[in-house]
Amino acid sequence: MTLVGLSIKNVSRNRLRAVLTVFGVAIALLAFVFIRTTLDAWTGGAEHAAQDRLGTMHKVTFTMDLPRTYFDELDGTRGSVPGVKAATYQSWFGAKHPVREQEFFATIAVDTDTFFQVYEDMEVPAEQLAAWKEDRQGAIIGEALAKQFGWSVGDDVTLVGTIYPGDWKFTIEGIYTAKRRAVDKSQFLFHWKYLNESMKEQAPARAERIGWMTTLIEGSARGAEVAQAIDARFEERDIQTRTMSERALNMEFLGSFGAILTALDVVSGVILVIMMLILGNTIAMSVRERTNEYGVLLALGFRPKHIALFVMGEGIAVGLLGGLVGLALAYPFINGMGRWIEDNMGSFFPYFQIPPHVAITSLALAMLLAGLAAVIPAYRASRLDVIDALRRIG
Amino acid sequence: MSDEDVKAETDSKPDADAETKAKAKAKAEPKPEPEPQAKPDAEAETKPEVKPIKPAIIRCQGIGRTFWRGKERLDVLEDLDLEIAEGSFEALMGPSGSGKTTLLNLIAGLDRPSKGRLDVAGRNIGEMSDAALAKWRSQTIGFVFQHFNLIPVLTALENVQLPLLLTKVPSSERKQRAQTALRVVGLEDRMHHRPQQLSGGQEQRVGIARAIVHDPKIIVADEPTGELDRQSADEVLTLLERLNREFGKTILMVTHDPAAAERATVLRKLDKGRLL
């Protein structure tokens, strides 16, 4: 038996209390890990975005559109702007499933000729791609979206427009798969020309407009220089552009959710503080009950520092145990759920797995906070008067 | 005031109480291997000036202990002089509040006198720092408590090892010593039992094993039989006697139990902070 062993054995003194305390810490840690994983997945999706793609949008905000002619000019820069390998354009369509309207997925009108040249990390069987290009109302969807709604090639689908009102009919012509995990596997892609022709009839002012352009740059090219060159093209126009990497673009998009992210951040901290306070109370109660024993130890020659270390050690042991149990629960729970989230909410969370740094930090925080929770009880235990302590009946 | 003085004074009282009579009777009876300080009272009465042959291991010179309860001053011990010879087995009796436990705490180094000088095993208790006193206690004093005070989550063997955790004794030797101590108290077959699996008498014997495992010079026992039935109490007292006789431990025992006091070689009485 050792001093550390004695400290750890004390944890099991009141088994019911110990189990409840450890599970309390574990559940708090599970909640913490879940929130941190969510935050990490949210921002990580942006960080995992392709670095060799640039997005060009309206200088004021990405919600304002650009003239279609800008793409012709940008496409024409191949050769004149060094580093541009391919370019395409898209418009955010924002339609919903007519029945399951709460289930969000991205609907985007794209240029069929160039889209898959730029998005090389999305793969569509050649015959499906050819069929899609031939069918003006054809759509290509992600494999996760197909699974989510049970759609397959050849299905006729009607979506309800929100930005572009009305019922929009499509035929699923292909299903794409992702070459990289960070690719959103639940997009609904269809012909920009279908949208544009409809606009010409219904709202001519909205015709010949695009949401943004995407440029694939050469591997050796420096993104910042290419972005600068693209923006320079439109510098003297009525509508100026802002070009940035897909990652920066995504980060900017995430910025609009800043308050939510901050709130989640705060909540994760609050959970740990509550855990610490509850743990501190439990340890204090346990120390009070053992006053007589500490008196005995002091009488035997143990020093106040030993008593303090026993209490601290006990707190840290509870933190460690709770942390390990919490992680043992978190991995199957969060990662299992994460796979479902990746498949069904891939546009927000392309990656939803517990990052190693979150697991390590959580465990360290559980131990640290449990140690901190034990500081006051440890201090009080170390200040016990040996004679007073011995008088307390154990 | 010497031991014999105490005994002579106590025994000479015409209205001595029952336990004192029992004590006197016990002292009058011949005992195996009698120690000098354990001589019959008749001898103490006839030779009150005889000093212990062995040197005093505990020497109190005019010690007092004062406590404050708010503004109220409580002199629990007053100008107490006492010498206890090395290797003696002494019982300390007295009514509640007489200062027995306070004196025991002082001698055990759990407290310091408010005045006077207290030397125990060659060290002046009043001048030692807290750290030095704790270290000294861990080496010099063995404690036997009324309520046994074993750690419930530890086995008997682990409880007995506790005082050795403060030493540099290797783990294997700690275990060996604890096993030896448990054999001495007759609990070799209960080493891996936890306190709640032991009877009161067995718990107290584990407590005694814990008190001797580090081979202290002095064992202080505060009401060691207070929680025990007669038979268990007798076993514990026999064990203390044996530790005194065979291992030469100096034992100072506070007790209310006349039968327990009878087993000691010297009885001292304390009342209102003064030795009678």
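Visitor: Where do we start? Which residues make up helix α9 of chain B, and how far does α9(B) reach?
Guide: This is a predicted model, and in it α9 of chain B runs over residues 230–247. That makes 18 residues, reaching 25 Å from the first C-alpha to the last, close to the 26 Å expected at 1.5 Å a residue.

Visitor: OK, and which residues of α9(B) are buried?
Guide: The buried ones are B:Ala233, B:Val236, B:Leu237, B:Leu239, B:Leu240, B:Leu243 and B:Asn244.

Visitor: Where do they sit around the axis of α9(B)?
Guide: They cover an arc of only 150 degrees around the axis, which puts them on the same side of α9(B).

Visitor: And what's on the face turned away from that buried side?
Guide: You'll find exposed residues there: B:Arg230, B:Gln231, B:Thr238 and B:Glu246.

Visitor: What comes just after α9(B)?
Guide: B:Gly248 does, and its phi is positive, at about 70 degrees.

Visitor: Let's switch to sheets. What's the strand order in the open sheet of four strands in chain B?
Guide: The order is β2-β1-β4-β5, and the pairing is antiparallel.

Visitor: Which strands stand at the edges?
Guide: β2 (72–85) and β5 (123–124) of chain B do. Each has a single partner strand, so one side of each is left without a neighbour in the sheet.

Visitor: How many bridges join β1(B) to β2(B)?
Guide: 10 bridges, with the two strands running antiparallel. One facing pair to look for is B:Trp68, which stands opposite B:Arg73 in β2(B).

Visitor: What about the hairpin of β1(B) and β2(B): how many residues are between the strands?
Guide: Two residues. In that hairpin B:Gly70 takes a positive phi near 65 degrees.

Visitor: And how many bridges pair β1(B) with β4(B)?
Guide: Five bridges, in the antiparallel sense, between β1 (residues 56–69) and β4 (residues 115–120) of chain B. Across that pairing, B:Gln61 stands opposite B:Arg117, and B:Gly64 is opposite B:Lys115.

Visitor: Which helix packs on the sheet?
Guide: Helix α4 of chain B, residues 100–107, packs there and touches β1, β2 and β4 of chain B. The direction of α4(B) makes about 120 degrees with that of β1(B).

Visitor: Now the two chains. How many residues of chain B are in contact with chain A?
Guide: 21 residues of chain B are in contact with 18 residues of chain A.

Visitor: Which helix gives the most to that side of chain B?
Guide: α5(B) does, with five residues. Both α5 (130–140) and α6 (156–161) of chain B supply at least two residues each.

Visitor: What classes of residue are on that side of chain B?
Guide: 12 are nonpolar, five are polar and four are charged.

Key: Residues numbered from 1 in each chain as written. Chains lettered and ligands numbered in written order. Predicted model: local features only at pLDDT ≥ 70, side-chain atom pairs only at ≥ 80, totals over all residues. Expected span 1.5 Å × (residues − 1). Buried ≥ 20, exposed ≤ 12 C-beta atoms within 10 Å, placed from the backbone. Arc of directions from axis to C-beta. Contact = placed C-beta atoms within 7 Å. Nonpolar A, V, L, I, M, F, W, Y, C, P; charged D, E, K, R; others polar. Pairing = 2+ DSSP bridges. Axes fitted to C-alpha atoms, helices over the stretch in contact; angles between N-to-C directions.
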